[in-house]
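Student: I would like to learn how to read an interface between two chains. Where do we begin?

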Amino acid sequence: MASAAAVTLRRVVLASAALRLALVVFGEWQDAHLEVRYTDVDYLVFSDAAASVAAGGSPFARATYRYSPLLAFLLLPNSLLHAAWGKLLFSAADLLVGLFIDTILELRGIPEKMRMWSVIAWLFNPFTFTIGTRGNCEPIVCAVMLWILICLMKGVSSESLLLFGMYIARCLDIGAYSITILSIGTEANFYNANRHLVYQDLITDLWNIYLRRILQAAFWYGLIVHFRIYPIIYAVPFVVVLGKSYAGPTGRPTLTMWRSEKHLQNEKASQREGPTSLLATLWDFFSNFLTRNAIMFGFVSGLMFFAWTGVFFYLYGWDFLNEALLYHLTRTDPRHNFSIYFYHIYLHHQQGFSSIQRLASFLPQLIVQLALIARFSRDLPICMFLQTVAFVAFNKVMTAQYFVWFFCLLPLILPWSSMKLKWKGLVCMVLWMGSQLHWLMWAYLLEFKGQNVFLQLWVAGLLFLAANIFVMLMVMKHHQYTPLFLSSIKSGSKVASKKE
Amino acid sequence: MPERHSGNEGYLAWKTTVAARNRDVGAWWKLWSSARPTHPLAVAVAVDQASHSDATRATTRAALHAPASPFPDTDERAGPASCSAHPTRVSHLPLLGSSQLLAPPALSSPWPMAVGAGPCLVAVVLSAAWISSSSSSSEAAASSAAAEQGGTSHRSVNCVPCSRTYIGDADLDTLTGQLARRHGLAEMSDSGELCKGLADDVEVPTLSKLHRQLVGEGSHRRLVYSVEFGACQGAMVNFLDGYDAHLVIIEKLPNGVFADPFELQHFVERKVFLDVAVFGDTNLELPTALSNQSSVEIHFDLRPSTLTNCNLVIDLPLHARYPPLDASGYATVEFGCPNLLLRYRKKEIISDSCLWVLKNCEAALAEKAAWRIPCGDERHIGFVSSITFLSALICSMSIVLAVLIF
């Protein structure tokens, strides 16, 4: 029943909101009364940076603040209102992610019960609710990524570029008009009297353009790449998806709908797109970059990224570039973390790294990303998920908060997976969590008991990488490849169009 | 910003930037947390320490020795002898004597060499000479005078203006590169007679026992000071009635260990300490080889309520950095001698001549604190690196294979 489902979703969201509020309150209590803090150290860094901004300074005055100044601005009410504002904001972003998951699955025709379980899997995942309430900013990144996905899915009118052009023309027109009347001076009164109408028109136009989802998606994408650099890995899949087969004749994309299990099994064999010649494939791939939508998306998101970077560089100078951008690109942290490279970095920290070593650590990452993009880019959710898992696994530094990046995409791919919870799903979960716990045990011995277990910790890191790869392979094997958007070019499509 | 050179060159360039950033960060922390006045002579000596070049050090030392040597610790004391009861003269610059508490790490951190330091040093030498040749009411003169007399009476007393919050912050001004004096000479100075006068007519409590122990396991431990005042019950209470007294502990931290200033601020907020400051390298992330020394200054408020049987227990949480590689698998970090001072002033303050009287608490520290930190082994480099890259390659190939097959 639709009404019962709506009530249930609302109840789920309310319950998780209550849970998060309770955790934030508990966290405040624990910070004040117990020795071990509930709040993450990063949250204190953000708050201090925000306090510094509130006092008129630079957020980079705070040591180890390595984020965009936007985060410090977002957290300004921490010093003005209450120190827990940031945590509430992040928890709200968390809830938003749950709602977005529901929206995305609904757009693709998932029945309510399954949607409910997916949302519950996110909202009541212990990892998820602790991350927001402890003060990590990752839920915001997840929320924005899912919103970009929704914008792309809900479609765009093909007149966007036209509208954009008209808007620019209107601005130029007004500019010319203003110059004219200023120099002539005769129609000044008329202009003044109607100025508010002119501005109103401008704002309406801007809003209409914003409502053109593709531009909105590009706006948010540029912003999120500025905020957290890792979403750049999704650039090529986005452009591919926006390619030739994105929008049909009406200008709106058609989403492929989900069909239940038995249909999946019947059609699994016929899912692969037929083999085509290499040249045709390459031409097909590159011609995607030349479509109007793709160019617009790339242009606007690039503009956004450089605009934000430029503004903050103007405000905070090289501090901003070094701390917020370049640090992440050249980061070599010898302290122990999940990555397999940590011991290698520690052993070499006194000698330095040669270019060959840098290349060697970058190459597997690059190869894997390219392979995944080449294979999966049309099926956007699985592509994003696998790319994120691979990116985190092969990165030089891996901390627990990065896992949220792919946790938020997991509910989007599970309905298309033929992997059942028993036993394959359970095996994947157990292996992944088990290798993590194994690593944590050695890390505890190293850090809190002072034993020299570097080698064992390193091996545990290798095992964790193996577990990650295993999970990736299992997901790939059992996934039903379904392009996100129906290609209007292919006739007699193997994928069924909208059903009930 | 270093350009991307290849290999070691680029790495050293990066380290220079990092060290520069450490200093900047340390400077920012200090500037942001509070503004404190500076002693110009302290600046001079700290610049000396920073330049790491014998020639310049000799020049500076010569200039400083000309009037009177207020900084006896400049002489290289060979390693940490046991912290005996021989009174170290009141040094406002605890970092000075801590030249090599550890075997120096494989690569010492690069400070900017004489290029920038040259003209600075000239200015410093000149200002040092001018200051020391000025009236006898200079702080250094007071301390040296007191020290000469103190040699016999085992009493080192010094006075600082109340506006000066911290005592051990001397070296920080090199980080900001500011040689300009923040305050006029008048504020820095106090007449020796007034200072001695303040000190003489008061029976100040002395330390009878001092224990220092490193407590805990692993990379996060606590340095626990257990302090006992002698002649407690009557004299102490009388003293505390008429005077505000703080116990000041200045601990020079060796290179392999750091104190988290934010954690210590938390202590201040919970009123465990009156005040805390960390000077020097406060970078929380870098390994030992890329770090510099730091020191911690703790102010503990002495009140009858906080002294239980005249015993005081103070906890200082510390964290270990990643040590340089060693074949044995463990690196040992040894702590030097802490500096304990008693800072007091009369309770009714006349604002324009407010002075803190500093008295060095001589106390024998029998135990040495040593910290064993696990470290990597150079012999592992070969197989760790090769297996790491190999496994990354294997995993990426398996994914590529899966992409082609599935």
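**Reading the interface of chain B and chain A**

Student: How many salt bridges does the rule find across the interface of chain B and chain A?

Tutor: Keep in mind that this is a predicted model. Across this interface, the rule finds three salt bridges. One pairs B:E285 with A:R335. Their closest N and O atoms are 3.8 Å apart, and the cut-off is 4 Å.

Student: Which elements of chain B give two or more residues to the side that touches chain A?

Tutor: They are α1 (7-33), α10 (261-269) and α11 (381-405) of chain B. The most comes from α11(B), with 20 residues. By class, the residues on this side of chain B are 35 nonpolar, 15 polar and six charged.

Student: What does UniProt list for residues 381-405 of chain B?

Tutor: An unreviewed UniProt entry lists them as "transmembrane region". In the model, this stretch of chain B is 100% helix and 0% strand. Its end C-alpha atoms lie 36 Å apart.

Student: How is the size of an interface often given?

Tutor: As the accessible area lost when the parts come together. Here, chain B and chain A bury about 5500 Å² between them. Carbon and sulfur atoms give 64% of that area. In chain B, the residues that lose the most area to chain A are B:E285, B:Y322 and B:F406. Together they make up 14% of what that side buries. As for contacts, 56 residues of chain B meet 66 residues of chain A.

How values were computed: Residues are numbered from 1 along each chain as its sequence is written. Chains are lettered from A and ligands numbered from 1 in the order in which they are written. This is a predicted model: local features need pLDDT of at least 70, side-chain atom pairs count only at pLDDT 80 or more; totals for chains, interfaces and linings use all residues. Side-chain values use heavy atoms; hydrogens and water are left out. Contact means heavy atoms within 4.5 Å. Buried area is the accessible area (1.4 Å probe) that two parts lose on being put together, summed over both. A salt bridge is a side-chain nitrogen of Lys or Arg within 4 Å of a carboxyl oxygen of Asp or Glu. Helices (H or I, at least four residues) and strands (E, at least two) are DSSP runs, numbered from the N terminus. Ala, Val, Leu, Ile, Met, Phe, Trp, Tyr, Cys and Pro count as nonpolar, Asp, Glu, Lys and Arg as charged, and the others, Gly among them, as polar. UniProt positions are given in the numbering used here, feature names are shortened, and annotations may be inferred rather than shown by experiment.
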